Amino acid sequence: MSRLYVIGNGFDRYHGIPSDYRDFAAYLRDADPTTFRIAEEFLPVGGDGWADFEQRLAEFDEDQAIDYASQFHSDERHGDFQYELQQIAGALSTRLKTHFTDWVRALHIPQRAEVRRPLAIDPNARFLSFNYTSTLRRVYGIPPSRILHLHGSIERANEDLVLGHGWERAPEDSRNFGTEGPDDDWRVRDGISYIDDFFAATFKQTDDLIARNTGFFEALGDVSEVHVMGHSLAPVDAAYLYEIERRTRSNALWTVSIFNDLELRQQRMASLGIASQRLRFLTMGSM
């Protein structure tokens, strides 16, 4: 019997790590109030929106951004329209990701003795981690050779962490699409190009990541148990879960952790086409 663990952010939170995107929002508010303000203004992160931060990147309000920048567009103010859009796009892509990386690298990862209720983890299993942290190694002694950190690891110096949404924007989605564009003013075209760059820079290229890690996925043919621990099963990561289902045994049993969200987890697993008799849902501490 071979096991695969799929590790998400809820796994780190179970171990007392303040790794929620809402924790990142609090960090960003103090570290860079300007970027925090831009995020709050042009991304739908108000209320509890920060909890789904990556998805919110795909919901950037370009109409509002263009309306805001338009007040600086005139014959007397050459380049101001472009500059404002460049500042907004840069804040929500380059600067925000830099702060995110700094925040993740500063998180305290506990040793096993610091964890109140360690989980029962099979050390001989394989691990697909969506987390950037070293929790599996520090708490459970899992060697890096058994872990695929799909979106990067803080233990690898200077590694570019993957952060982004799952909406692959088509060329016709750009306001610059077509021969004429929004109008004949090159300054408008130039400004909108920064919005196009933002969506491209924040797009999580899941197919490319799967292709780059083909060896890991191809080796899952003997896996008969999949344990999903603390992963949200969000649509942005659905392609990875489809790939796991495709590569593992046809009768593999999936055990999915829940946290007051059983109905949502059932819906998201059903959307993957996995038969209900191959599914069970448990709290993480019971797995």
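Predicted model: local features only at pLDDT ≥ 70, side-chain atom pairs only at ≥ 80, totals over all residues.
Strand E2, formed by residues 126-129, pairs with two other strands. With strand E1 (residues 2-7), E2 pairs in the parallel sense over 4 bridges, and within this pairing Phe127 is the bridge partner of Tyr5. With strand E3 (residues 147-149), E2 again pairs in the parallel sense, here over 3 bridges; Phe127 stands opposite Ile147 of E3. The path from E2 to E3 includes helix H7 (residues 135-140), and the three elements make a right-handed β-α-β unit.

The largest nonpolar core comprises 39 residues. Those with the most contacts inside this core are Phe24, Leu43, Trp50, Phe53, Phe60, Leu92 and Phe100. At least two core residues are supplied by each of H2, helix H3 (33-42), H4, helix H5 (62-70), H6 and helix H8 (186-201). The largest share, 10 residues, comes from H6. In soluble globular proteins, nonpolar side chains tend to be buried together.

A search of the whole structure for cavities of 30 Å³ or more finds 1. The largest cavity has a volume of about 40 Å³, and its lining consists of Ile7, Phe11, Asp12, Ser129, Asn131, Thr133, Thr135, Leu136 and His149. H1 and H7 are the elements that give two or more residues to this lining. By class, the lining of the largest cavity has 3 nonpolar, 5 polar and 1 charged residues.

The largest pocket has a volume of about 1,200 Å³ and is lined by 45 residues, of which Asn9, Gly10, Arg13, Gly230 and Ser232 are the closest to its centre. Helix H1 (9-14), helix H2 (21-31), helix H4 (53-57), helix H6 (80-106), strand E5 (253-258) and helix H12 (262-270) each supply at least two residues of the lining of this pocket. H1 gives the most, with 5 residues. The lining of the largest pocket divides by class into 18 nonpolar, 14 polar and 13 charged residues.

The second largest pocket holds about 180 Å³ of space. Its lining is made up of Lys97, Asp160, Leu161, Val162, Leu163, Ala201, Phe203, Lys204, Gln205, Asp208, Leu209 and Arg212. Helix H9 (residues 206-212) provides the largest share of this lining, 3 residues. By class, the lining of the second largest pocket has 6 nonpolar, 1 polar and 5 charged residues.

Positive phi values were computed for two residues other than glycine. Phi of Leu233 is near 60 degrees; Leu233 is found in the loop between strand E4 (223-229) and helix H11 (238-247). The relative accessibility of Leu233 is 5%, so this residue counts as buried, the cut-off being under 20%. Asn260 has a positive phi of about 60 degrees and is found in the loop between E5 and H12. With a relative accessible area of 80%, Asn260 is exposed, the cut-off for that class being over 50%.

Notes: Residues numbered from 1 in each chain as written. Heavy atoms only, no water. Pairing = 2+ DSSP bridges. Right-handed = clockwise from strand over helix to strand, strands pointing away. 1 Å grid on protein atoms, 1.4 Å probe; cavity = no way out; pocket = protein on both sides within 12 Å on 5 of 7 lines; lining within 4 Å. Points joined across faces, edges and corners; volume = space filled by probe spheres on them. Nonpolar A, V, L, I, M, F, W, Y, C, P; charged D, E, K, R; others polar. Core = buried A, V, L, I, M, F, W, Y, C linked by side-chain atoms within 4.5 Å. Buried < 20%, exposed > 50% of the residue type's maximum accessible area, 1.4 Å probe, protein only.
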